[in-house]
Amino acid sequence: MTGQKLAGMLALIAVAGFLQACEQEERGRILQYEKGTYLGPADQSLSNEQLREIEVRTNLQAWY
């Protein structure tokens with residue numbers, strides 16, 4: 001009887017360890033990828049002002 005209890009306890013500990021193996025931010029991530037397809041969340045649209053700021057910075061960096 002003690003061997004069965006020990007085996008049960010070890011199995012319970014193993015299951016608990018497997019359930020805690022992944023960190024919260026890693027749960028629910030994409031594991032199956034499709035070639036050539038972005039499966040992440042949609043990008044946010046930039047406002048006209050943000051696009052203008054990027055264009056100005058790009059022009060400042062393109063001096064050479």
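Q: How many salt bridges does the structure hold?
A: This is a predicted model, where local features need pLDDT of at least 70, side-chain atom pairs count only at pLDDT 80 or more, and totals for chains, interfaces and linings use all residues. Residues are numbered from 1 along each chain as its sequence is written, and side-chain values use heavy atoms, without hydrogens or water. A salt bridge puts a side-chain nitrogen of Lys or Arg within 4 Å of a carboxyl oxygen of Asp or Glu. The number of salt bridges in the structure is one.

Q: How far apart are the closest N and O atoms of Arg52 and Glu55?
A: Side chains of opposite charge can pair when their charged atoms come close. Arg52 and Glu55 form a salt bridge, with their closest N and O atoms separated by 3.6 Å.

Q: Which helix holds both Arg52 and Glu55?
A: Helices (H or I, at least four residues) and strands (E, at least two) are DSSP runs numbered from the N terminus. The two residues are three apart, so about one helical turn separates them. Their helix, residues 48-61, is H2.

Q: Is Glu55 buried, partly exposed or exposed?
A: Buried means under 20% relative accessible area, exposed over 50%, and partly exposed in between (1.4 Å probe, protein chains only). At 42%, Glu55 is partly exposed.

Q: How many residues of H1 are buried?
A: H1 has 18 residues and reaches 26 Å from first C-alpha to last. H1 is hardly covered. Its count of buried residues is zero.

Q: Which residues make the nonpolar surface patch of about 320 Å²?
A: Leu10 lies in H1, residues 2-19. Leu10 counts as exposed because its relative accessibility is 51%. Patch residues have over 30% relative accessible area and no salt bridge; like charges are joined within 9 Å, nonpolar side chains (Val, Leu, Ile, Met, Phe, Trp, Tyr) within 5 Å. The patch is made by Leu6, Leu10 and Ile13.

Definitions and conventions. Accessible areas come from the Shrake-Rupley method with a 1.4 Å probe; for residues, only the protein chains shown count as cover. The expected span of a helix is 1.5 Å times one less than its number of residues.
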